[in-house]
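Hi,

Here is the structure I promised to pass on. Have a look at it first, and then read on for what turned up.

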Amino acid sequence: MIEIKTLTNNDFNEYKRLVSTVNEEFTQDSHYSQTMTDTLIHDILNQGSPKCIVFGCYENETLIATAALEQIRYVGKEHKSLIKYNFVTNNDKSINSELINFIINYARQNNYESLLTSIVSNNIGAKVFYSALGFDILGFEKNAIKIGNTYFDEHWIGRASCRERVSEP
């Protein structure tokens, strides 16, 4: 049975285990998960910040997926939120779909009018996945990520969370 809940610093060990064991197929994701420090993990899981909520998907009491929803805190942009730190065991699209749909519904219930995220431009699977959940490509950012001397381009995608119905991929 799948259970989705808000993570806190009490979930530090499970979160760190998931992030460090997830097999990422894209270099920048792998680099990110391999270089995440304990301090950064504690910052991510710190519930003292209501602007960023980390959701965890559990199966049989084991954390199998996670994603954060961060409200954008710029004047005039508070109606937007950003999905980030999305890690899923075995890149299971069914589990990730359940988690992202949960976040979409949470955003709708909390009056976030739009959801944004970015995906590396060559990650076709992520484009298809998010498209099936109602996300549209909003823009392209060249050289958005730099790891060592290698650059990666990103597509920014978005979804009007309150106006569209949640769909299954």
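One term before the findings: a strand here is a DSSP run of E with at least two residues, and strands are numbered from the N terminus. Please also keep in mind that this is a predicted model.

Let's start with the backbone. Asparagine 143 sits in strand S6, which covers residues 136-147. Its phi is near 55°, a positive value in a residue that isn't glycine. Asparagine 143 counts as partly exposed, with 39% relative accessibility. Glutamate 61 also has a positive phi, about 65°, and again is not a glycine. You'll find Glutamate 61 in the loop between strand S2 (52-59) and strand S3 (62-71). Is Glutamate 61 buried or exposed? It is exposed, at a relative accessible area of 75%.

Now for the inside. The largest nonpolar core has 25 residues, and those touching the most other members are Leu69, Ile83, Leu99, Ile100, Ile103, Tyr130 and Phe135. Which elements give two or more residues to this core? They are S2, S3, strand S4 (80-88), helix H4 (93-109), strand S5 (114-120) and helix H5 (124-132). H4 supplies the largest share, six residues.

Leaving out residues up to four places away in sequence, isoleucine 100 touches Ala67, Ile83, Asn86, Phe129, Tyr130, Leu133 and Phe135. There is also a second, separate core of 16 residues, with Phe12, Ile41, Cys52 and Val54 among them.

Cheers

Note on methods: Residues numbered from 1 in each chain as written. Predicted model: local features only at pLDDT ≥ 70, side-chain atom pairs only at ≥ 80, totals over all residues. Heavy atoms only, no water. Helix = DSSP H or I, 4+ residues; strand = E, 2+ residues; numbered from the N terminus. Buried < 20%, exposed > 50% of the residue type's maximum accessible area, 1.4 Å probe, protein only. Core = buried A, V, L, I, M, F, W, Y, C linked by side-chain atoms within 4.5 Å. Contact = heavy atoms within 4.5 Å.
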